[in-house]
Amino acid sequence: MAMTRLFEKTKILESQIDEYLNHASEVGLLLLEAIRDYLSGRQEQFESRRRQVSDLEKHADTLRHDVEHELYVETLIPESRGDVLGILEQTDDVINAAKVSLEQFSVEKPDIPAELVDDFLELADYGNRAVQELVMGIRAYFRTSSSVTDHVHKVAFWEKEADKVGERLKRRIFGMDCDLACRIHRSSFVGHIDGVADQAEDVSERLTISAIKRSI
Amino acid sequence: MGLLLLSSAVLLGWSLGANDAANIFGTAVATRMVRFRTAAIYCGVFVVLGAVISGAGTTKTLGELGAVNALGGSFMVALAAALAVMWMTRAGLPVSVTQAIVGAILGWNVFTGSRTDITALTEIVSSWVICPILAGVFAAAFYLIARKVIEVRPIHLLELDAATRTGLIIAGAFGAYSLGANNIANVMGAFVPAFPARAFELGPVFSLSMKQLLFMLGGFAIAAGAFFHSHRVMMTVGRGLFRLTPVTALVVVLSEAIVLFLFASQSLEGWLASRGLPTIPLVPVSSSQAVIGAIVGIAIVKGGRGVRYAILGKVAAGWAATPLMAALITFVGLFFLQNVFGMMVARPQPYVITEPVLERLSEEGVASMELEGLKGTRYPDAWAFTRALEQRADLDRDQMNTVLEFAERDSFYVDPRLIPSLDRSVLSEEQLRGVESLSYRAFSHEWQFLERLASSSPKWKTEIGKRPEADEPFAVRHVLDTFRVDLSESARGSTRK
């Protein structure tokens, strides 16, 4: 009887973690689409996506707290609990970074010239890919620790690509003909978007170590 | 008085529970996969079940090593083993209760001049080598299987955790059952020959023999030791000595449980024997040795890293020192018990070659002219008789054992006044009539009594025919105990024991 309850609780927790990872993945996709909307002048769609990201972030927080609570109360996965909760917390930083990035766009309404749109979109795209590979890596960690490295190296790849685009963007911005405040303002948004890929890479480093520790 | 003397067995059982429960549930509790209370309850219940249901096999082997036939002797054997265990534990050396009790029984044999069955001793000592090796082989195999399964069929971390927890509880319960079945002989084995065979009714359909009752008491002592005293040891074994993941902990517990069960299962022994396959001897083995063997087996599969050979060396030293220490304490303790407190530590067991013995030996193929020269001489114990045989006759080991078996002097008188006191729940009407047909008859050897009994009725013939492969049938033991006459009283002409 107790064993059946244990398996039932396990199933519920599994689905909660899956849902949390789904939210993280959606946030990455929404970040890209929201920036596309902003850069295309579709303000209403941008704000709608920004609110979606904010809701997903709140719900993800609730899920994470519930998972943490259950893992401690039921003393589940004692050997891996610290790693799992650490990974989920750091993933929350990725979601937060995306949310903050969009909030900055919404509040500060940067003026992005047409010649920089493609680079911004490319940067957002690489950030999203890094998030998608990270989520796949975390799912792999929960099932087969050996395939985690397949995804982790891709996260690092997209993060490097994002860094390259970010640097290129900043050089172009500071080479433009506008005042310093304008250049600094525009380049800060490069940092916001690039920050998502950076956070994703931080999580992937922790994921690598956790996967090594997980071997029986 | 008997109950007071059982206190040493209770102490030994408590020590066994406190130490060995940790081998079963230690890692599960220390890694918080299973709560201590849950572990202790499962351990207690299944230890008692294992002891009562399956404890007879290993007890028989221990009894063959040395039949401690007086309560005083049983008390000292159990006490010496318990003291040796406690002494070695305080010295920081890992200890095996099995080895302590074997050493103590050998000490009793030496003190009383009783025969040590070399076959039984060889079986027991060889099991000390086979047990860890077998556990290592099982553990390595299970580990490789587990690793392959997890590789091939990706299982969610949480599902694996739940399955491991469930596995640890099931394996732990099996391990506790095997511990009770295999090790109850250590706790109560020395007392079984010293208590008379009787049956106890528990309600209209359920009865327990004296042996099962003793095993139940021993099982409760082990369970109590596990419940009240094993928590600290569990945490030490689980964390301090070896670092195992929950899955490897499950592999270790399962391997240990299987090995202990293999060395205790009479049904498996019977199955193997019926197919002409080599059997596994039914001997008490050390759960600590099995656990260490299993862990080393896994370490070897993983490449041999992480094995702390210094600790292994210390463990081996402990295993060697424990039986020696127990034997020494027994010897000294028996001396004091007998000579200072005047307690009987052994029933006299003389040997004499008579004409019927010579005829019987001839039927067994042991015909020796030199034995004629020993006819009529009474030897006080197995030592003296064996020395005389070695000096006068050229016999191999098997022949020597046969001579010892048939020359063992005992005294039985079928007093018809004792027949009404026989337990009718154990003996059939046919068997009772068989006993009655031997009224007023006296026998100097157990084999004579049993042969006459076997010829008195087909039921007795079947019952007696089961010896010595099976554990001694209760009915046979009951009749022997009822009509046995104390040899010292017999010498004075008394017919009642």
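What share of the 497 residues in chain B is made up of buried residues? Buried residues account for 55% of that chain. The model described here is predicted, and the values below are computed from it.

**Chain B overall**

Chain B contains 23 helices and six strands. Among its contacts with a separation of 6 or more, 80% are between residues 24 or more positions apart. The chain exposes about 21500 Å², of which carbon and sulfur atoms supply 62%.

**An enclosed helix**

Helix H4 of chain B spans residues 56-65. Seven of its ten residues are buried, so the helix is largely enclosed by the rest of the structure. The buried residues of H4(B) are Ala56(B), Gly57(B), Thr58(B), Thr59(B), Thr61(B), Leu62(B) and Leu65(B). Their cover includes helices H3 (36-54), H6 (97-112), H7 (118-152), H8 (157-188), H9 (210-229) and H12 (266-274) of chain B.

**A nonpolar surface patch**

On the surface, Val110(B), Leu328(B), Phe331(B), Val332(B), Phe335(B), Phe336(B), Val340(B), Phe341(B) and Trp383(B) form a nonpolar patch with about 930 Å² of accessible area together. Helix H14 of chain B (residues 309-339) contributes the largest share of this patch, five residues. Val332(B) is found in helix H14 of chain B and is partly exposed, with a relative accessible area of 42%.

**Aromatic pairs**

Over all chains, the count comes to 17 aromatic pairs. One of them is the stacked pair of Tyr42(B) and Phe46(B), with 6.3 Å centre to centre and 10 degrees between the planes. Both residues lie in helix H3 of chain B, four residues apart, which is about one turn of the helix. An α-helix has 3.6 residues a turn, so residues three or four places apart point the same way.

Phe335(B) and Phe336(B) also form a pair: their ring centres are 6.0 Å apart and their planes stand at 90 degrees, so the pair is edge-to-face. The relative accessible areas of the residues in these two pairs are as follows.

| Residue | Relative accessible area | Class |
|---|---|---|
| Tyr42(B) | 29% | partly exposed |
| Phe46(B) | 25% | partly exposed |
| Phe335(B) | 43% | partly exposed |
| Phe336(B) | 43% | partly exposed |

Phe335(B) and Phe336(B) are also members of the nonpolar patch.

**Aromatic features of chain A**

In chain A, ring pairs link Tyr38(A), Phe46(A), Phe105(A) and Phe189(A) into a cluster. Arg214(A) lies over the face of Tyr141(A), at 5.9 Å from the ring centre.

Definitions and conventions. Residues numbered from 1 in each chain as written. Chains lettered and ligands numbered in written order. Predicted model: local features only at pLDDT ≥ 70, side-chain atom pairs only at ≥ 80, totals over all residues. Heavy atoms only, no water. Patch = residues over 30% accessible without salt bridge, like charges linked within 9 Å, V, L, I, M, F, W, Y side chains within 5 Å. Areas by Shrake-Rupley, 256 points an atom, 1.4 Å probe, with all protein chains shown as cover. Salt bridge = Lys/Arg side-chain N within 4 Å of Asp/Glu carboxyl O. Helix = DSSP H or I, 4+ residues; strand = E, 2+ residues; numbered from the N terminus. Buried < 20%, exposed > 50% of the residue type's maximum accessible area, 1.4 Å probe, protein only. Contact = heavy atoms within 4.5 Å. Phe/Tyr/Trp six-rings, centres within 6.5 Å; stacked < 30°, edge-to-face > 60°. Lys NZ or Arg CZ within 6 Å of the ring centre and 35° of its normal.
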